[in-house]
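Biologist: I am new to this structure and would like to learn how to read it. Could you walk me through some features, with the general idea before each case?

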Amino acid sequence: QVQLVESGGGLVQAGGSLRLSCAASRGIFSNYAMGWFRQAPGKEREFVATIARIGGNTYYADSVKGRFTISRDNAKNTVYLQMNNLKPEDTAVYYCAADFTASIRATPAAGGLYDYWGQGTQVTVSS
């Protein structure tokens with residue numbers, strides 16, 4: 001079973017940046033499409049970004065397009081989410097997730113497709 005551990009969350013002012021990391025243990029990392037999701041208080045979990053197993057295909061939610069960048073280092077079993085120009089509405093718990101059924105270049109956006117989830121890291125953006 002894959003274990004995912006997020007880090008890098010924190011408190012930042014609007015307009016600032018944070019870089020989230022998600023380290024995976026066990027399994028072959030390149031076998032998994034990876035995604036980032038978030039959940040704000042009182043709201044449903046929403047998709048943020050996803051990256052294919054290999055090849056670098058990515059897909060973003062409209063709300064973060066142009067501000068967030070997802071990347072992965074398969075040699076380090078780690079996926080990243082670089083978040084720039086943060087806004088108060090980005091405040092949420094951010095979760096990384098792994099999908100082991102995705103084809104090599106797929107970029108799944110539906111949370112139900114993912115098989116493993118991390119415990120989450122809090123991101124708070126003050127105005």
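This is a predicted model: local features need pLDDT of at least 70, side-chain atom pairs count only at pLDDT 80 or more; totals for chains, interfaces and linings use all residues.

Biologist: Is aspartate 90 buried or exposed?

Modeller: Aspartate 90 has a relative accessible area of 0%, so it is buried. You will find aspartate 90 in the loop between β8 (78-83) and β9 (92-99).

Biologist: Which side chain makes a polar contact with the side chain of aspartate 90?

Modeller: That partner is arginine 67, at 2.7 Å.

Biologist: What about aspartate 99, and where is it found?

Modeller: Aspartate 99 is in strand β9. To read its charge, look for a salt bridge, which needs a side-chain nitrogen of Lys or Arg within 4 Å of a carboxyl oxygen of Asp or Glu. Aspartate 99 is buried but has no salt bridge, and arginine 53, the nearest side chain of opposite charge, is 8.6 Å away.

Biologist: Now for strands. Which residue stands opposite aspartate 99?

Modeller: Alanine 33 does. The strands β4 (33-39) and β9 run antiparallel, and seven bridges join them. On pairing with β5, strand β4 is again antiparallel, over five bridges, and here tryptophan 36 stands opposite alanine 49.

Biologist: Why is β4 described as largely enclosed?

Modeller: Six of its seven residues are buried, so β4 is largely enclosed by the rest of the structure.

Biologist: And what joins β4 to β5?

Modeller: They form a hairpin with six residues between the strands, in which glycine 42 takes a positive phi near 75°.

Biologist: How should I think about the nonpolar interior?

Modeller: In soluble globular proteins, nonpolar side chains tend to be buried together. In this model, the largest nonpolar core has 35 residues, and those touching the most other members are Leu4, Met34, Trp36, Leu81, Met83 and Tyr94. Two or more residues come from each of β3 (18-25), β4, β5 (46-51), β7 (68-73), β8, β9 and β11 (121-126). The largest share, five residues, is from β9.

Biologist: Which residues does leucine 81 touch?

Modeller: Not counting residues up to four places away in sequence, leucine 81 touches Leu18, Arg19, Leu20, Trp36, Val48, Ala49, Phe68, Thr69, Ile70 and Tyr94.

Biologist: Some of those lie in β7. Which residues form its covered face?

Modeller: Phe68, Ile70 and Arg72 form the covered face of β7, while Thr69, Ser71 and Asp73 form the uncovered one. β7 pairs with β8 in the antiparallel sense over six bridges, with arginine 72 opposite valine 79.

Biologist: How many residues lie between β7 and β8 in their hairpin?

Modeller: There are four, and in the turn asparagine 77 has a positive phi of about 55°, although it is not a glycine. With a relative accessible area of 25%, asparagine 77 is partly exposed.

Biologist: Where does asparagine 85 lie, and what is its phi?

Modeller: Asparagine 85 sits in the loop between β8 and β9. Its phi is positive, about 50°, although asparagine 85 is not a glycine. At 42% relative accessibility, this residue counts as partly exposed.

Biologist: One last stop: where is glycine 56?

Modeller: Glycine 56 is in the loop between β5 and β6 (58-60), and at 46% relative accessibility it counts as partly exposed. Its C-alpha atom is separated by 9.4 Å from that of isoleucine 70, 14 residues apart along the chain.

Methods: Residues are numbered from 1 along each chain as its sequence is written. Side-chain values use heavy atoms; hydrogens and water are left out. Buried means under 20% relative accessible area, exposed over 50%, partly exposed in between (1.4 Å probe, protein chains only). A polar contact is a pair of N or O atoms within 3.5 Å; within protein, one must be able to donate a hydrogen and the other to accept it, and residues adjacent in sequence count only if both atoms are side-chain atoms. A nonpolar core is a set of buried Ala, Val, Leu, Ile, Met, Phe, Trp, Tyr and Cys residues joined through side-chain atoms within 4.5 Å. Contact means heavy atoms within 4.5 Å. Lys and Arg count as positive and Asp and Glu as negative; His and the chain ends are not counted. Two strands pair if DSSP finds at least two bridges between them.
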